[in-house]
Amino acid sequence: MDEMVGPRLYCCCKCRNHVSFHDDIISKAFQQGRNGRAFLFSHVMNITVGTKEDRNLMTGVHTVADVFCGDCNELLGWKYERAYEATQKYKEGKFILEKSKITKDNW
């Protein structure tokens with residue numbers, strides 16, 4: 001019998017909680033994570049969002065909120081709440097997940 005193939009997912013590296021679909025990646029070219037490479041996602045799931053704060057990032061000042069795994073509370077990245085520069089507005093409402101904090105599932 002053929003195996004059913006589901007969507008490719010990203011999971012928390014600590015507890016394997018599903019946090020996003022591969023199809024929700026906007027860019028893999030971000031180098032501004034706390035621990036190196038990061039991916040920009042349009043949507044994430046099974047997370048909690050921390051307190052908003054202004055942070056000076058490589059592309060300027062942004063209002064961001066840290067995002068944590070909804071199961072184990074591991075810090076995974078952040079959500080862009082507000083971008084102050086016009087060229088960065090596309091990030092608003094999007095999520096950064098650090099490559100070192102997520103792993104692939106169902107690939």
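This is a predicted model: local features need pLDDT of at least 70, side-chain atom pairs count only at pLDDT 80 or more; totals for chains, interfaces and linings use all residues.
A search of the whole structure finds seven salt bridges. Three of them are listed here with the distance between nitrogen and oxygen.

| Residue pair | N to O distance |
|---|---|
| Arg-16 and Asp-105 | 3.4 Å |
| Glu-53 and Arg-55 | 2.9 Å |
| Glu-74 and Lys-101 | 2.8 Å |

In the pair of Glu-53 and Arg-55, Glu-53 has a relative accessible area of 38% and is partly exposed. Arg-55 has 16% and is buried, because the cut-off for buried is under 20%.

Glu-74 forms a salt bridge with Lys-101. Glu-74 is in the loop between S6 and S7 and Lys-101 in the loop between strand S8 (95-98) and S9, so the pair ties together parts 27 residues apart in sequence. Glu-74 is buried at 17% relative accessibility, and Lys-101 is buried at 17%. Shared partners join Lys-14, Glu-74 and Lys-101 into one network of salt bridges.

Arg-8, Lys-28, Arg-37, Lys-99 and Lys-104 form a positive surface patch. Lys-104 is part of strand S9 (residues 102-105) and is partly exposed at 47%.

Asp-71 lies in the loop between strand S6 (60-69) and strand S7 (75-83). Asp-71 is exposed, at 60% relative accessible area. Beyond its neighbours within four places in sequence, Asp-71 contacts Cys-15 and Asn-17.

How values were computed: Residues are numbered from 1 along each chain as its sequence is written. Side-chain values use heavy atoms; hydrogens and water are left out. Helices (H or I, at least four residues) and strands (E, at least two) are DSSP runs, numbered from the N terminus. Buried means under 20% relative accessible area, exposed over 50%, partly exposed in between (1.4 Å probe, protein chains only). Contact means heavy atoms within 4.5 Å. Patches are made of residues with over 30% relative accessible area and no salt bridge: like charges are joined within 9 Å, nonpolar side chains (Val, Leu, Ile, Met, Phe, Trp, Tyr) within 5 Å. Accessible areas come from the Shrake-Rupley method with a 1.4 Å probe; for residues, only the protein chains shown count as cover. A salt bridge is a side-chain nitrogen of Lys or Arg within 4 Å of a carboxyl oxygen of Asp or Glu. Lys and Arg count as positive and Asp and Glu as negative; His and the chain ends are not counted. The place of a charge is taken as NZ of Lys, CZ of Arg, CG of Asp or CD of Glu.
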